[in-house]
Amino acid sequence: MDDNKENIYADMQALGRAARAAAKSVAKSDTNVRNHALMAMAVAIRRDEALLLAANAQDVVQARNKGLEPAMVDRLTLTQKGIASMADGLEQIATLSDPIGAITDLDYRPSGIQVGRMRVPLGVIGIIYEARPNVTADAAGLCLKAGNAAILRGGSEAIQSNQAIAACVREGLKSAGLPEHAVQVVETTDRAAVSALITMNEYVDVIVPRGGKGLIERIANEARVPVIKHLDGVCHVYVDLSADLEKAIRVTDNAKTQRYGTCNTMETLLVHTGIAAQFLPRICQILLEKGVELRGDNAACSLIAGMKSATEEDWYTEYLAPILSVRVVTDINQAIEHIATYGSQHTDTIVTEDYSRTRQFLREVDSSSVMVNASTRFADGFEYGLGAEIGISTDKLHARGPVGLEGLTSQKFIVLGDGHIRE
């Protein structure tokens, strides 16, 4: 190990020790104290809007100069609306019920003891993310409300934005009398910091990676700390034979074009053969006018002039760009089979007016979010009422779907007795 890596490892160990100590204070803190910190963070973010936009502008210029992909630049860019959303998210988190200490399933056993479960913090959470500076505020808020400490390592492309937001976070913590080390943003952009963070199991209890597939695969393969993750967002919209065409147009258009570079953006459109000739020309005209490249199977290509032929790889691809795969299917069973074969268990939607097909789709599609007559873009912690999200998990343990407060906690068994002994 060279001197630079040794120094980074030592610095990360120091962050870990400080986070572990801070986690104890946060776990014991009163709900009102944590809520005060969250509200103070929101106030600071609104007040410093101009500073945040200026810092972000520096990052965006550097990103473009480095030739980053448009989708990455899109995720990096902060707007006035985005800054307001960060503050709104923190305020909404403050209004949510505190999960810590909640006791559930308390019941008497034949022995006379009472057995239940109490919700507790995870401890120290490491968040590794690319591009999106809003994650700094979202992660800080959710981790804090759930009684945890956090170590945040954003991408090098957002270093100015993340540090500016971190200053607002520290101000909120200080205002509430909580340790500033409860939320720490790693200052170095060296990748060695990530290697250290994901192996510090003596200080870090869980890692949440947010970024491209390469980053997440690397972390999943190298981490010695448990990881909450999703690799791909290959999301589908299936337009059923019984679909209301106007609903289908709205849902499909929004699912693809509301924002291209997000994990809950539709990447494949499936259309029942009995409605394809009515639906595809209308929706494809809208998409083409918005600059979306269309790649379809033979049936779709026969209906839409200029549509490119889709390859097998296209069905597996998360484009994060104005590109859409289109397939015509014979029925709902083929649509579900396609989703099972090519999907990533992220978010999938059916547009239908048929109750039995609604039930079948909800039951048989094995994804973290399954929707009916709604855009895939709703798969988001803020939209689900979680305040914000730390990420989306397509794993089945420990959390699934948008990970909010409850996903950042665990449970322990509690037993209440009155001198009971086991015979």
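1. Basis. Local features in this predicted model need pLDDT of at least 70, side-chain atom pairs count only at pLDDT 80 or more, and totals for chains, interfaces and linings use all residues. Residues are numbered from 1 along each chain as its sequence is written, and side-chain values use heavy atoms, with hydrogens and water left out.

2. The four-strand sheet. An open, parallel sheet has the strand order β5-β4-β3-β6. Strands here are DSSP runs of E with at least two residues, helices are runs of H or I with at least four, and both are numbered from the N terminus. Two strands pair if DSSP finds at least two bridges between them. β5 and β6 each have a single partner strand, so one side of each has no neighbour in the sheet. Direction ignored, neighbouring strands are turned by 15° against each other on average.

3. Helices on this sheet. Helix α6 (residues 134-145) packs on the sheet and touches β3, β4 (149-153), β5 and β6; contact means heavy atoms within 4.5 Å. The direction of α6 makes about 165° with that of β3. Helix α9 (residues 213-222) lies across β3 and β6, at about 160° to β6. Axes are lines fitted to C-alpha atoms, for helices over the stretch in contact, and the angles run from 0 to 180 degrees between N-to-C directions.

4. Strands β3 and β6. β3 (residues 124-129) runs parallel to β6, and five bridges join them. Isoleucine 125 has valine 206 as its bridge partner in β6, and isoleucine 128 stands opposite proline 209. How many residues of β6 (residues 206-210) are buried? Five of the five are, so the strand is largely enclosed by the rest of the structure. Buried means under 20% relative accessible area, exposed means over 50%, and partly exposed lies in between (1.4 Å probe, protein chains only). Val206, Val208 and Arg210 point one way from β6, while Ile207 and Pro209 point the other way. In a regular strand the side chains alternate between the two faces of the sheet.

5. Valine 124. This residue lies in strand β3. Valine 124 counts as buried because its relative accessibility is 0%. Leaving aside neighbours within four places in sequence, its contacts include Ala19, Arg20, Ala23, Tyr203 and Val206. Glutamate 171 is 47 residues from valine 124 along the chain, and their C-alpha atoms are separated by 20 Å.

6. The seven-strand sheet. A further open sheet has the order β10-β9-β11-β8-β7-β12-β13, with parallel pairing. Its edge strands are β10 (308-309) and β13 (369-372), each of which pairs on one side only. β9 (residues 293-296) and β11 (residues 323-329) are joined by four bridges in the parallel sense, and serine 325 in β11 is the bridge partner of arginine 295. Helix α10 (residues 245-257) packs on the sheet, touching β7 (235-239), β8 (266-272), β11 and β12 (347-351), with a direction at about 160° to that of β8. Helix α15 (residues 355-364) also packs there, touching β7, β12 and β13, and its direction makes about 170° with that of β13.

7. Strand β7. Five of the five residues of β7 are buried. Cys235, Val237 and Val239 point one way, and His236 and Tyr238 the other way. β7 and β8 run parallel and are joined by five bridges; tyrosine 238 stands opposite leucine 270 in β8.

8. Proline 322. Is proline 322 buried or partly exposed? Proline 322 has 32% relative accessibility and therefore counts as partly exposed. Its place is the loop between α13 (312-316) and β11. Beyond neighbours within four places in sequence, proline 322 is in contact with Lys256, Tyr260, Gly291, Val292 and Glu293.

9. The second largest pocket. Its volume is about 250 Å³. A pocket is an open set of points on a 1 Å grid over the protein atoms alone, where a 1.4 Å probe fits, with protein on both sides within 12 Å along at least five of seven lines; lining residues have an atom within 4 Å of a point. The volume is the space filled by probe spheres set on the points, which are joined across faces, edges and corners. Of the 14 lining residues, Leu15, Gln184, Val185, Val186 and Glu187 lie nearest the centre. The largest share of the lining, four residues, comes from α1.
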